[in-house]
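Subject: Structure handover

Hello,

Here is the structure for you to look over. My notes follow below it.

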Amino acid sequence: MKKKRIYLDYASTTPVDPRVFDYMKKYFFQKFGNPMSLHSFGREADEAIETARKQAADFFGCEKDEIIFTSGATESNNLAVKGTAIADSLRTKGSPRPHIITTSIEHSCILSACQALADRGMAEITYLPVGSDGLVRAIDIEKSLKPNTLLVSIMYVNNEIGTIQPIREVGKIIEKANKNRDRKIIFHTDATQAISYLDCRIENLGVDLLSMSAHKIYGPKGIGCLFIKKGTPIKRIQDGGGQEFNFRSGTHNVPAIAGLGKALELVETERKKVYKMVEKLRDYMISRIMKEVSGVKLNGSKIKRSPNNANFAFKDVEGEGLLLGLDLEGVAVSTGSACSSGDLRPSHVLAAIGLSDEESHGSMRITLGKYTTKQEIEYFINALKNTVSRLRKIAGK
Ligand code: PMP
């Protein structure tokens, strides 16, 4: 008999929705042209790109030419951070050096893009702390603003603990600060983990730049976009044939772009239903685990949290052991972000919310998605209870 497999790692990636895949297929076979070509093959590929751009623009409530397709959130985030710094240095000839404010719990691609600028002497960075709830205080942002502040980059939803940052509130602070400035502060959010569940309309967030990736929303991997509000000073970081309004050269990945557009359209029409379903299952799971497993604590805010995320610290258990034990039972979870698993250093996010190394090593992330069922959750809870008690017994606890 084939072994049961249960996927509870939707924050890492999602399967492609069959409707998205069906829609993409024709752009591999019949409509395979290069959208830059002038002939009919090129024109029909270009139509696919423009349809996807419209779907993205409708989703975010922006203009079509404010959407730049990239290879995913890593590239979008790099473009946001480095592209604004480059535009600034062209304007100021590097003096004063721009100041960037971000948080200590951003995804590694934001943290390392900021670090890369700092290492080259191209920016000074402030990493704001978060509370034990995993939330940044908007007031801390206000206090950290300097005359040379160029960019504020705050993620919308954290990929490890699911906490939802007060983006709208930060947007208002920046709007107010910008009233008295010649050099406007640019506001960026990494919304990669927010798209499936939260309001991402630009006018409600007050952002100038927003990053996302399709593979977190039942679209294909290797495709994403960056929203760039018209007039935002930002320069490309990749040179070439001038695609994407010269912000991102390279032949378009037409099937993937089409898939991204379709995936966004499906999120918009199904979001409310999926939100309720996932939240109910997640809350059921949390309450049973808190009741039935001893020595367990939920990491991050209980309230300001994405409906699909739970992250627990288990006393006297190694997270890696737990993950592998659950994998043997057919259940896929994560110990930190997928990008850093394999890396045995404690998670920078869990450290930032005040967990000790030991607590961090005993932590596990469970993320649900639109295909998660009650039966899967029941199976998981049983597998978890068995695995935790087996591991504690082995450890003599
Ligand atoms: N930002 C966040 C918040 C993420 O969760 C991820 C994916 N783990 C990324 C950025 C990077 O996305 P991608 O791998 O698609 O470039």
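The side chains of Glu244 and His252 make a polar contact of 2.7 Å. A polar contact is a pair of N or O atoms within 3.5 Å; within protein, one must be able to donate a hydrogen and the other to accept it, and residues adjacent in sequence count only if both atoms are side-chain atoms. The side chain of Glu244 also reaches the backbone nitrogen of Phe69, at 2.8 Å.

Before you read on: this is a predicted model, where local features need pLDDT of at least 70, side-chain atom pairs count only at pLDDT 80 or more, and totals for chains, interfaces and linings use all residues. Residues are numbered from 1 along each chain as its sequence is written, and side-chain values use heavy atoms, with hydrogens and water left out.

**The loop with Glu244**

Glu244 sits in the loop between strand 8 (224–228) and helix 8. Helices (H or I, at least four residues) and strands (E, at least two) are DSSP runs, numbered from the N terminus. Glu244 counts as buried because its relative accessibility is 5%. The cut-offs are these: buried is under 20% relative accessible area, exposed is over 50%, and partly exposed is in between (1.4 Å probe, protein chains only). Contact means heavy atoms within 4.5 Å. Neighbours within four places in sequence aside, Glu244 is in contact with Ile49, Arg53, Ile67, Ile68, Phe69 and His252.

Phe245 is in the loop between strand 8 and helix 8. Phe245 has a relative accessible area of 43%, so it is partly exposed. Asn246 is partly exposed too, at 32%. Look at the backbone here. Phi is near 55° in Phe245, a positive value in a residue other than glycine. In Asn246, phi is near 70°, again positive in a residue other than glycine. Most residues other than glycine have a negative phi.

**The ligand**

How many residues surround the ligand? There are 15, and the closest are Thr74, Asp190, Gln193, Ser213 and Lys216. The shell divides into four nonpolar, nine polar and two charged residues. Helix 3 supplies the largest share of the shell, three residues.

- Thr74: an N or O atom of its side chain is 2.6 Å from an oxygen atom of the ligand.
- Lys216: a polar side-chain atom lies 2.8 Å from a nitrogen atom of the ligand.
- His107: a polar side-chain atom lies 3.4 Å from a nitrogen atom of the ligand.

Taken alone, the ligand exposes 400 Å², and the protein buries 88% of that. These areas come from the Shrake-Rupley method with a 1.4 Å probe; for residues, only the protein chains shown count as cover.

**Asn77**

Asn77 is in helix 3 (residues 73–92). Asn77 counts as buried because its relative accessibility is 0%. Its side chain makes a polar contact of 3.4 Å with the side chain of His188. Not counting residues up to four places away in sequence, Asn77 touches Cys109, Ile110, His188, Asp190 and Ser211. Asp190 is also one of the closest residues to the ligand.

**The cores**

A nonpolar core is a set of buried Ala, Val, Leu, Ile, Met, Phe, Trp, Tyr and Cys residues joined through side-chain atoms within 4.5 Å. The largest has 96 residues, and those that touch the most other members are Phe60, Val152, Tyr156, Ile289, Phe314, Phe380 and Leu384. Which helix gives the most to this core? Helix 8 (residues 254–292) does, with 15 residues. Apart from this core lies another, of 20 residues, including Val81, Ala113, Leu151 and Ile228.

**Gln55**

Gln55 is in helix 2 (residues 40–60). At 12% relative accessibility, Gln55 counts as buried. Gln55 and Lys262 are 207 residues apart along the chain, yet their C-alpha atoms are separated by 7.3 Å. Beyond its neighbours within four places in sequence, Gln55 is in contact with Gly261, Lys262 and Glu265.

Best wishes

Terms used. Near = heavy atom within 4 Å. Nonpolar A, V, L, I, M, F, W, Y, C, P; charged D, E, K, R; others polar.
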